[in-house]
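The entries follow in the order in which I made them.

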Amino acid sequence: MRFPGRIKKDGRFWLVAIPAFDAFTQGRTKREALAMAGDLIETMAGVGGFRVIVYPTGVQTFEIGANRINVILALLLRRQRERQGLTLAEAAERLGQRSKNAYARYEQVTTMPTVEKLEQLLKAIAPDQKIVWHVAA
């Protein structure tokens, strides 16, 4: 699973945005900025052994993937929930669950959602956001 990002030169720096994760960074060179993008996502996840792979796709575009899909999905859900200002309990409530653990298990990397479940989770926590991803071959 890969998520798109954008990169552009602004003066002396290259600016990077990864919208699905509400993540931004920069570098002095394009190569450094792309490396910083991978480092940023790895740091945000905070899980040992988790590695992000950055795939340049165009002059101003790239995609990020990871060696552990469950970790990157957990990070995606957490970042989107936080962006909306929701607690775990509020996210669970939006899913019609009584226990915050029903939702938290996806963010805690204990359960990996199917694509259908991921769509349901994202609609519940970030209904106004259009999260773009694709499954890499």
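**Entry 1: V109.** I looked up the exposure of V109 in this predicted model, and I noted a relative accessible area of 24%, so V109 is partly exposed, since buried would require a value under 20%. I placed V109 in the loop between helix 4 and helix 5. Its phi is near 65 degrees, a positive value in a residue other than glycine. I kept in mind that most residues other than glycine have a negative phi. For the surroundings I left aside neighbours within four places in sequence, and I then found V109 in contact with N70, V71 and A74. I also noted the C-alpha separation between V109 and A74, which is 5.9 Å for two residues that are 35 apart in sequence.

**Entry 2: D22.** I turned to the other positive phi on my list. D22 is not a glycine, yet its phi is about 50 degrees. I located D22 in the loop between strand 2 and strand 3, the latter covering residues 23-27. With a relative accessible area of 27%, D22 is partly exposed.

**Entry 3: Q80.** Is Q80 buried or exposed? I read a relative accessibility of 0% for Q80, which therefore counts as buried, and I placed this residue in helix 2. Which residues is Q80 in contact with, once its neighbours within four places in sequence are left aside? I listed P19, A20, L122, I125, A126, Q129 and I131.

**Entry 4: L76 and the core.** I looked next at the largest nonpolar core, which holds 39 residues, and noted that F3, I18, F21, I41, I64 and L76 touch the most other members. The elements giving two or more residues to this core are strand 1 (3-10), strand 2 (13-18), helix 1 (30-45), strand 5 (61-66), helix 2 (69-84), helix 3 (88-94), helix 4 (101-107) and helix 5 (115-125). I then followed L76 by itself: not counting residues up to four places away in sequence, L76 touches F3, A20, F21, L118, L122 and I131.

**Entry 5: I53.** I found I53 in strand 4, residues 52-56. Its relative accessible area is 33%, so I53 is partly exposed. Leaving aside neighbours within four places in sequence, I recorded E63, I64, G65, A66 and N67 as its contacts. For one of these, A66, I also looked up the C-alpha distance to I53, which is 5.5 Å across 13 residues along the chain.

**Entry 6: V59.** I placed V59 in the loop between strand 4 and strand 5. What does V59 count as at 67% relative accessibility? V59 counts as exposed, because the value is over 50%. Not counting residues up to four places away in sequence, V59 touches I7 and K30. I looked up R6 as well, and noted that V59 and R6 are 9.2 Å apart from C-alpha to C-alpha and 53 residues apart in sequence.

**Entry 7: the whole chain.** I ended with the chain itself, which has five helices and five strands, arranged along the sequence in the pattern β-β-β-α-β-β-α-α-α-α. Why does the radius of gyration agree with a compact globule? For 137 residues such a globule would have a value near 14 Å, and the chain has 15 Å. Along its principal axes, the C-alpha trace spans about 50 × 30 × 25 Å. I noted that buried residues make up 40% of the 137 residues. Among contacts between residues at least 6 apart in sequence, 48% join residues at least 24 apart. The accessible surface comes to about 7,800 Å², with 49% of this belonging to carbon and sulfur atoms.

Note on methods
Residues numbered from 1 in each chain as written. Predicted model: local features only at pLDDT ≥ 70, side-chain atom pairs only at ≥ 80, totals over all residues. Heavy atoms only, no water. Core = buried A, V, L, I, M, F, W, Y, C linked by side-chain atoms within 4.5 Å. Buried < 20%, exposed > 50% of the residue type's maximum accessible area, 1.4 Å probe, protein only. Helix = DSSP H or I, 4+ residues; strand = E, 2+ residues; numbered from the N terminus. Contact = heavy atoms within 4.5 Å. Rg over C-alpha atoms; globule rule 2.2 N^0.38 Å. Areas by Shrake-Rupley, 256 points an atom, 1.4 Å probe, with all protein chains shown as cover.
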